[in-house]
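This report describes the fold and the ligand site of one protein model. The sequence and structure come first, followed by the description.

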Amino acid sequence: MRRSLVAGNWKMHGTRQSVETLLGGLNQQDWPEEVDLVIAPPALYIQQCREALEGSPVSLAGQSSATQAEPGALTGEVSPAQLRDAGCEYVLVGHSERRSLFGETDEMVCKKFAAALACGLRPILCVGETREQRDAGETAEVVGRQLQVVLESFGVGGLAQGVVAYEPVWAIGTGLTASPEEAQDVHSMIRGRLAMLDDEQARCVQIVYGGSVKADNAEALFAMPDIDGGLVGGASLNADEFGAIARAAGRA
Ligand code: PGA
């Protein structure tokens, strides 16, 4: 019923040369048919990726986009309409680095989600708790709050038009992965919360896990019933590793 999704978030990595090499590696992968595949390159390289991936099943995502779809005086921003025009199908919304380093609030995240949907992009809504919040037993509350703003405006049906990425902040870029059981607990909490509002739609929402996903831990994570794939940072910069993670999702 739900397809798996594996997305690679390249963050602020790459040069034209290294991107060309990475794309060459991606084009040699044996991609599983049953998995939605996405990469989120830096905006500057979207065009280069689009050309190189012509005919490949890999879709493109923006890493962030403006709170509005309309053009405007927003120096340095990229609008979701521009991402769509450049060939993107997805956009990350509310990644923890955007929240913690660039001051994105839940309200801004909600506006970005709205603007992305309005442009026909599928927003990948990132949620997750910090180490301190987890230690204080606040994971459900924090993740619930991050989801709530979007749910209030769009309901479960709106979320189902995008993707939810559960990314515990303490597991991002640290090499510390949530255990499959720890991740599954939060994924099932998220789905349970959505199911209370709309059981049928809740079963359709893709909920992927992010935080130090690697080829050697992907299979165990993706085998969990409510983990529908992964949002992969560091490991997505290696084409063979990203390909192996995608194939692990195909076996799940
Ligand atoms: P990581 O990043 O895989 O390097 O931990 C994940 C993310 O930030 O999306």
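## Two loops with positive phi

Lys11 sits in the loop that connects β1 (4–9) with α1 (16–26). Helices (H or I, at least four residues) and strands (E, at least two) are DSSP runs, numbered from the N terminus. Lys11 is not a glycine, yet has a positive phi of about 50°. Ser212 belongs to the loop between β7 (206–210) and α10 (215–222). Its phi is also positive, about 55°, although Ser212 is not a glycine. Most residues other than glycine have a negative phi.

## Basis of the values

This is a predicted model, in which local features need pLDDT of at least 70 and side-chain atom pairs count only at pLDDT 80 or more, while totals for chains, interfaces and linings use all residues. Residues are numbered from 1 along each chain as its sequence is written, and side-chain values use heavy atoms, with hydrogens and water left out.

## Ligand site

Among the 13 residues around the ligand (a heavy atom within 4 Å), Lys11, His95, Glu167, Gly173 and Ser212 come nearest. The shell divides into four nonpolar, seven polar and two charged residues. In this scheme Ala, Val, Leu, Ile, Met, Phe, Trp, Tyr, Cys and Pro count as nonpolar, Asp, Glu, Lys and Arg as charged, and the others, Gly among them, as polar.

A ligand oxygen atom is 2.7 Å from a side-chain N or O atom of Lys11. For the side chain of His95, the distance from an N or O atom to an oxygen atom of the ligand is 2.7 Å. At Ser212 a polar backbone atom is 2.7 Å from a ligand oxygen atom. The ligand taken alone exposes 280 Å², of which the protein buries 96% (Shrake-Rupley method, 1.4 Å probe).

## Barrel and packing helix

Eight strands form a closed barrel in the order β1-β2-β3-β4-β5-β6-β7-β8, with parallel pairing (at least two DSSP bridges between two strands). From one strand to the next, the twist averages 30°. Strands β2 (residues 35–40) and β3 (residues 58–62) run parallel and are joined by three bridges. Val38 has Ser59 in β3 as its bridge partner.

Helix α7 (residues 139–160) packs on the sheet and touches β5 (122–127) and β6 (163–166), with contact meaning heavy atoms within 4.5 Å. The direction of α7 makes about 165° with that of β5. Axes are lines fitted to C-alpha atoms, for helices over the stretch in contact, and angles run from 0 to 180 degrees between N-to-C directions.

Conventions:
A polar contact is a pair of N or O atoms within 3.5 Å; within protein, one must be able to donate a hydrogen and the other to accept it, and residues adjacent in sequence count only if both atoms are side-chain atoms.
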